[in-house]
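User: I'm new to this one and would like to go through it piece by piece. Please take my questions as they come.

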Amino acid sequence: MPRTRSLAWSELKIGILAVAAMALAVMLIVAVGGQSGFFWEQYNLKTRFGDVQGLKTGAVVRVAGVEVGKVDTIKFSGSDVEVGLKIKKEMQSRITNESRATIGSLSLLGEPVIDIIASMKGTPLNDGDFLPSGRTRGQLGDVAEGATQSLEQLNGMLKDLRAGKGTAGKLFTDDQLYSEINRFVDSAEIVTGMLSRGEGTLGGLLKDPAAYKNLNAALADLQAVTKRINAGEGSLGRLLNDEALAKSLTSASANVDQATGRLNRGEGTLGKLLTERELYDRFNSLADRVDRLVGQLEKGEGTAGQLLHDKQLYDNINSAASEMRALLGDIRKDPKKYLNVRVSIF
């Protein structure tokens, strides 16, 4: 009986060792080949996508390109797909509410993986929290969609060209525009030929060395004049560089502004003439009287008007003046004949 108990205990020890060896082997396999570590070193997060693009459980989870966990569950949540993630706890400080989960790929056509954008800002997510998802960029479907849109736009452009729309379309379909462009090219060739032969002013400038020398000399003279002006030489140079002249011009401008201000305020004779209505009316009345007087003179009214227009009166006055001059001449020649003074004493 004791021998039977000893054999049973030996078998039990062998079984215990076998189980312990298997558990140790499993732990070693998980420690060496697993990305998430042991279960006590993991925590769970959730995220949602509108399209998981063939993602499967067991897919790799990466943070900034480093494998840190695996996809644990995939299930529908309404119209979206909820994905459960098992991640190493040491990554908890790098995954916050500012981080975003996207679906990436191990290669261009490889199996999908979860890429998490690391962020040190925000609040770290706890076990069971939802990780916001973002739009996956650079996927093959996006490239195909962009290529499709580009092809559609290209087809639209080709249709517009065939329909003759736009400048390019008219260039391809409008015969008149083609003829005008052809004539323009012919005219350009003619002008180019004339320039090559030295015809015309521009052709002569290109071909004639004397014209080039004259133009060069004119430019040199212009440069010399510019230097003199910059040096303050000559009237124009002094005008541009003389500070005293500039101050004088500024003072003159200030005086003109002051005089203009006085005129606007009605100061002085000219200012009153510009601003006082009574003085203006008096000048206007005087001008009217002068206009009437000139009109009467032109019509021959009055003595002055008759003197201007009556020929006989003019001749009489001229004759009287002639006789008066003759009388004065006779008096000067013989004063005793006309000046005879007699003195009588009573």
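User: What relative accessible area does Gly122 have?

Analyst: Let's set the scale: buried means under 20% relative accessible area, exposed means over 50%, and partly exposed is in between (1.4 Å probe, protein chains only). Gly122 counts as partly exposed because its relative accessible area is 47%.

User: What kind of model am I looking at?

Analyst: Residues are numbered from 1 along each chain as its sequence is written, and side-chain values use heavy atoms, with hydrogens and water left out. Local features need pLDDT of at least 70, side-chain atom pairs count only at pLDDT 80 or more, and totals for chains, interfaces and linings use all residues; the model is predicted.

User: How many helices and strands does the protein chain have?

Analyst: Both kinds are DSSP runs numbered from the N terminus: helices are H or I with at least four residues, strands are E with at least two. Of the chain's 346 residues, 16% count as buried. By secondary structure, the protein chain has 13 helices and 6 strands.

User: Back to Gly122: which residues does it touch?

Analyst: Gly122 sits in the loop between β6 and α2 (140–163). Its C-alpha atom is 9.6 Å from that of Arg94, and the two are 28 residues apart along the chain. A contact means heavy atoms within 4.5 Å. Leaving out residues up to four places away in sequence, Gly122 touches Thr96, Asn97 and Glu98.

User: Thr96 came up there. Which backbone oxygen does its side chain reach?

Analyst: Thr96 lies in the loop between β4 and β5 (101–105), and it counts as buried because its relative accessibility is 1%. Its touching residues, beyond four places in sequence, include Ser119, Thr123 and Leu131. A polar contact is a pair of N or O atoms within 3.5 Å; within protein, one must be able to donate a hydrogen and the other to accept it, and residues adjacent in sequence count only if both atoms are side-chain atoms. At 2.5 Å, the side chain of Thr96 reaches the backbone oxygen of Lys121.

User: How many bridges hold β3 and β4 together?

Analyst: Strands pair if DSSP finds at least two bridges between them. Within this pair, Lys75 stands opposite Glu82 in β4, and the hairpin has 2 residues between the strands, with Gly78 at a positive phi near 75°. β3 and β4 (residues 80–88) run antiparallel, and their bridges number 8.

User: And what is the bridge partner of Arg62 in β3?

Analyst: Strand β2 (residues 60–63) is joined to β3 (residues 66–77) by 4 bridges, again antiparallel. This hairpin has 2 residues between its strands, and Ala64 in the turn has a positive phi of about 55°. In β3, the partner of Arg62 is Glu67.

User: Which residue forms a salt bridge with Arg62?

Analyst: Side chains of opposite charge can pair when their charged atoms come close. A salt bridge here is a side-chain nitrogen of Lys or Arg within 4 Å of a carboxyl oxygen of Asp or Glu. With the closest N and O atoms 2.8 Å apart, the salt-bridge partner of Arg62 is Asp115.

User: Where does that Asp115 sit?

Analyst: Arg62 counts as buried because its relative accessibility is 16%. The pair with Asp115 has its closest N and O atoms 2.8 Å apart. The two residues link distant parts of the chain, 53 residues apart: Arg62 is in strand β2, and Asp115 is in strand β6 (residues 112–116).

User: Which residues share one salt-bridge network?

Analyst: Glu82 pairs with Arg48, the closest N and O atoms being 3.8 Å apart, and this links strand β4 to strand β1 (residues 42–49) across 34 residues. Glu82 counts as buried because its relative accessibility is 9%. Glu82 also meets Lys75 in a salt bridge at 3.9 Å, N to O. Through shared partners, the network joins Arg48, Lys75 and Glu82.

User: Last one: which helix gives the most residues to the nonpolar patch?

Analyst: Patches take residues with over 30% relative accessible area and no salt bridge, joining like charges within 9 Å and nonpolar side chains (Val, Leu, Ile, Met, Phe, Trp, Tyr) within 5 Å. This nonpolar patch, with Phe283 and Val290 among its members, has about 610 Å² of accessible area together; α9 (268–275) and α10 (277–299) are the elements that give two or more residues. Val290 counts as partly exposed because its relative accessibility is 41%. With 4 residues, the top contributor is α10.

Key:
Accessible areas come from the Shrake-Rupley method with a 1.4 Å probe; for residues, only the protein chains shown count as cover.
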